[in-house]
Amino acid sequence: MIAQVIVDIAAKQTDRIFEYHVPDEVGEVEVGSRVFVPFGPRKLQGFVVGLTDSSQFQGKLRDLLLVVDEMPPLTPELVSLSKALADRIFSYRITLLKAMLPRVMRANYRKILVPVSAKAKAMSFFQGEPLDLSKITAPKEIAAIRKLLRSDDAKIEYVVENRAKVKTQNQYTVPLSKKDYIDLYESLRQNAIKQKQLLMAIIENYSAFPMLQQQLEQAAQVSTAALTSAVKKGWLKKEPVEVYRDPLADVNTSNKHHQIKLNDEQQTALDQIVPAIQTAKPQTFLLEGITGSGKTEVYLHAISQTLIGGKNALMLVPEISLTPQMVTQVKERFGEQVAVLHSGLSEGELYDEWRRIRRGEVRVVVGARSAVFAPLTNIGLIVIDEEHESSYKQEDNPRYHARDVAIWRSKYNSCPLVLGSATPSLDSRARAQKGVYQLLKLTKRANQKNLPEVKLIDLKQADFAGGQLDLTVELIDAIKSRLAKKEQVILMLNRRGFANFMLCRECGYVMKCPNCDLSLTMHKDTGQMQCHYCGYTIQIPKKCPNCQSSKIRFLGTGTQKVQEELNALLPGARILRMDVDTTRRKGAFKRILDSFGEHEADILLGTQMIAKGLDFPNVTLVGVVNADTGLWLPDYNASERTFELLTQVAGRAGRAEKKGEVMIQTFNPDHYAIALAQTQDYERFYAYEMQMRHAGNYPPYFYTVLISVAAKKEQNAAREAFKIKRRLQANLHPATIVLGPTPSAISRLKNQYYYQILVKYKKEANLNNLLHQIQDSAQEVKKYGLNVYIDNEPERIM
């Protein structure tokens, strides 16, 4: 048998199939197997993408070395998907195959120095073991190694390490009969208390064996030492068994949601989806429902129908802040059949959840963007909640959009795809209008209540509370009235940190990141100025670094400053802050949301992560501290994002019996995105924004591709970008628009200057092939310190 393998090197020269002979002793090799193969002088990880019994290669094929996993980690579907995606998103196939696996299943490579001659083996240098070259830094040692290599006394070998580790626990079995244990118990002397305790526990729990160590220690109230002694005496047998790390161990699985009855609109929507599930029809539905209209309940009923039909379901949520509440709802409904995948899990938890899915032990998978690659088979339904969210698009390589992958998997599995949102992306809504997707609407809240009243506060005319000019008197008064009624408040400011920049009033100096063309943000809690793009930090200065003046000011605002101001204005209020800085630790999202849900805090202050999907019955006021933060970004979809964010955050108020109110502070109350967010009129916004897009030749009227060129020297990036532009213009139709090259909106990031070209087109048969040629050429210029990135249908043009 011959295995067709994609090897673990992301390069033009290796982005093809390599063939290896499969020796009998290797065992069973299947499509999707992870293998170790020889490649030149090295050993590499690879993935089997095909099997054949003949080869066009004239020479002798090298032997495949090892099959890493008992079960192929990739399904045939995922292998086919990697090929389709590589062609579409300009990524090497190995990059996609690795993106489909948990981080821990990506191989570690080490270079080691192995002694060959007897002289080398005797050297104290080696101490009888091969030498890890990554740990050698001293010049003398490096010189000695070169000498050994030149004289062939030592050689370099490449070691591939599998980092994926299974968690095990000790399990105890009973080798004797119950009567034997009773006899042993009666024969023991009275003062052998611990031994008697253990034997009594064995007798009482005899039918419960085999038992895990923790269970047995609790049942018998004895230590590990007592169990070890019992094993030596032949009373117990011990063996390690595999156990799963369960990220949902603390999620309550009561069945309280089973009886929820759908309203007429929900039932009508479900009645459209269920026949597509039952007839295995790969149809895409767009479920457009106002905030609080009960979209989640429609998803859960549809998943239930899928499971009844013997199929499995995959559900995506936009980011991990949403996952705790959504996962709780799904777990309550479907219990142990649910697995969860998102970046907030530890490597071990992610690996175990992924293996449960691959082994077919779960029926429902819930997760963030990368869960679209879950190795789930027999899929009968795919759901994408909040489908408008930009976090579904991966910003670095491989630049896939989860929605596009879901559409591909829907067709492969012949199953429906449900896209849900209160504010669908213009692309999806336009496709629904053209009949490519089927539009389903939910126009009223599930609890029959009205949408919250939204009030715009014009910051140009407002009176401010406190000295920071962040919070108006009107908003603070509204918060005070809610706190007096023991109700809760959500406040959003989509900017973290304390102050946006440091300014010297003497010389005008602004403290910038040395690696990026950006000012540093002040973080008062850590005492540091920080770059939010490359992570650079420096202590907060007490004097101007340029002129040594002490007249420095920290201007702008962020969630930290607003929290400090709220503490001063509302001394008794209990405030929780939720942003990237407070949620770095594992489980922090869940802890903050649980605490707020149990009314351990009055105000939840956060960035956009609090705007979506959260459902707290006691929240009656939502305040937006500044609605303009994203409005004037140099991006064609800035208005769409602002409208979505404001509509979503407004939907957090008044979701139960109590009436909700929303206050939006803005300097631009007349801007259509903000004015239409006040009335939460998505259809009017959609019609207006589509006119703007048509006038500007932007999606969904045009397809777009963004080509970015990065280099340490600005002139090198510009030169290569102009070369690419000339190549594009020579090969594309005159109707295709090629904008640029221009410096990126943030022209320098992580010590790289960026130039961009935007291609806008309607039909361009040559473009895909041409972009693949540009991608291949990028390998050649890489050695000169140039990088070329191609982003198909970019979410951001900045």
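These legends go with several views of one predicted model.

**View 1. The whole chain, and how it packs.** Residue numbers start at 1 along each chain as its sequence is written. This is a predicted model, where local features need pLDDT of at least 70, side-chain atom pairs count only at pLDDT 80 or more, and totals for chains, interfaces and linings use all residues, while side-chain values use heavy atoms, with hydrogens and water left out. The protein chain holds 22 helices and 35 strands (DSSP runs numbered from the N terminus: H or I of at least four residues for helices, E of at least two for strands). Its C-alpha atoms fill a box of roughly 85 × 75 × 70 Å along the principal axes. Of the 798 residues, 53% are buried (under 20% relative accessible area; exposed is over 50%, partly exposed in between, with a 1.4 Å probe and protein chains only). Take the contacts with a separation of 6 or more: 74% of them join residues 24 or more positions apart (contact means heavy atoms within 4.5 Å).

**View 2. The largest nonpolar core.** This core counts 48 residues (a nonpolar core is a set of buried Ala, Val, Leu, Ile, Met, Phe, Trp, Tyr and Cys residues joined through side-chain atoms within 4.5 Å). Among those with the most contacts inside it are Leu-74, Leu-316, Leu-341 and Phe-373. Helix α1 (residues 76-89) gives the most to this core, with 6 residues.

**View 3. Around Leu-341, then over to a second core.** Setting aside neighbours within four places in sequence, Leu-341 is in contact with residues including Leu-350, Trp-354, Ile-357, Val-365 and Ala-371. A second, separate core has 41 residues, and Val-454, Met-578, Phe-596 and Val-622 are among them.

**View 4. Leu-518 in its loop.** Leu-518 sits in the loop between β23 (501-504) and β24 (521-523). Not counting residues up to four places away in sequence, Leu-518 touches Lys-512, Cys-513, Tyr-533, Ile-746 and Leu-749. Pro-398 is 120 residues from Leu-518 in sequence, and their C-alpha atoms are 26 Å apart.

**View 5. Lys-311, partly exposed.** Lys-311 has a relative accessible area of 24%, so it counts as partly exposed. Look for Lys-311 in the loop between α10 (295-308) and β13 (312-316). Neighbours within four places aside, Lys-311 is in contact with Thr-306, Arg-363, Asn-378, Ile-379 and Gly-380. Ala-371 lies 60 residues from Lys-311 along the chain, with 18 Å between the C-alpha atoms.
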